[in-house]
Amino acid sequence: MPTLVEAPAVRRLAPDLRPVADKVLAGERLSFEDGLVLYATRDLAGLGALANAERTRRHGRKAFYVLNQHINYSNLCTEVCFFCAFGKRRGQEGAYEMSLDEVFKKAEELDVRHATELHIVGGLHPDLPLSYYVDMLRGLKQRHPSVALKAFTAVEIDWVAQLSGITTREVLVRLKEAGIDSLPGGGSEVFHEEVRRRVCPEKTSAEKWLDIHREAHSLGIRSNATMLYGHVEEAEHRVDHLMRLRALQDETGGFLAFIPLAFHPENAYMEMIPAPGGVENLRNVAVARLMLDNFDHIKVYWIMLGLAIAQVGLSWGADDLDGTVIEEKIYHMAGATTPEGVSADLLRHLIRQAGYVPVERDALYRER
Ligand code: V47
């Protein structure tokens, strides 16, 4: 009868993980094949331990959180992505759009809550002009100068550029002048063409998404990156996605954080596909931490993972729990059962309970 310390999962990594672990511990970059091993291994404890070792090497016992708020200014969308329950056509039940005054009203309590970051995204609105987005940022900056504006995915920027007949770079320049601080990571889904064809055939291409982030970085606008997993993609598509992000980060160094996004199936065309389970969610956090060796931060977005898995994710490679959020629409329209916002006290409690030290950060991960 083996004692606990002799049990293979505790005593040593499974044979498939050992060569990958040697590379991680030697600080060597992992290859495409290594990524496939991480997705295939049945040694979950070993995978988590390896990602945790890397996370601890970078951040020690710190776990970051931010006092933030989301504003989804409109869900009108000219495109159909088969995973999405948020986008609506004009006139369709549940469709909405906010005037700038409504946006400003939503943001009124930012200062009372001591929030430092506002996350603003919407659908691809059929006719809002560039001035709407510019005036929104300018108005928010005037009213809340100390709040960082993380606004508009690369897909929205691509769309606004097309509508306005100018380049995406020109749109970014205008948004920067108006006060944008960073771009959120949404809209990248899974870069591989085989997957895009099946889940979002009309969407901004992978190359364009990456180009827009490259342009943003060259203008001094930092950004985040995401991957929407757990639908029709295979492990090789996920590894390809992570490697494309890693290559752009090598080039620009402009990404702040990577956020793995778990597919939520309700109310979308793809609703017959079951949501990924806890093991899959934790595996994606761990693989991201190990493959994205040039990303400082891996964020577990508790809204879509649930608070419990997000908390455990802090020991599986993640160092950031995102924030208070306040009001979230994209996942809640797709069936998320998490609250739409939580208190900073609860985030700190969850971090401490997981054995970490809560560190409030601002949008650029400066400690507060
Ligand atoms: O762009 C949409 C994805 C993204 C579903 O940058 C879905 O800090 C799963 O990007 N199931 C929006 N995913 C969320 C996002 C994000 C979230 C938190 C932090 C940051 C950041 C960015 O969610 C969309 C799309 O990729 N999405 N519908 C769905 N049913």
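Which residues come nearest to the ligand? K150, G185, E189, K299 and Y331 do, out of 21 residues around the ligand. Here a residue is near a molecule if one of its heavy atoms lies within 4 Å of it.

This is a predicted model, in which local features need pLDDT of at least 70, side-chain atom pairs count only at pLDDT 80 or more, and totals for chains, interfaces and linings use all residues. Residues are numbered from 1 along each chain as its sequence is written, and side-chain values use heavy atoms, with hydrogens and water left out.

Now look at the shell around the ligand. Its residues divide into 11 nonpolar, 7 polar and 3 charged. Gly counts as polar in this scheme. Strand 6 (222-229) and strand 7 (255-262) each supply at least two residues of the shell. Strands are DSSP runs (E, at least two residues), and helices are runs of H or I with at least four.

Next come the atoms. The side chain of K150 has an N or O atom 2.6 Å from an oxygen atom of the ligand. G187 places a backbone N or O atom 2.9 Å from a ligand oxygen. For H264, a backbone N or O atom lies 2.9 Å from a ligand nitrogen. Taken alone, the ligand exposes 620 Å², and the protein buries 95% of that (Shrake-Rupley method, 1.4 Å probe).

Finally, turn to the rings. The whole structure holds 10 aromatic pairs (ring centres within 6.5 Å). Y73 and F152 have ring centres 6.0 Å apart and planes at 80°, so this pair is edge-to-face (over 60 degrees).

Technical notes: Polar contact = N/O pair within 3.5 Å; in protein donor to acceptor, adjacent residues only side chain to side chain. Phe/Tyr/Trp six-rings, centres within 6.5 Å; stacked < 30°, edge-to-face > 60°.
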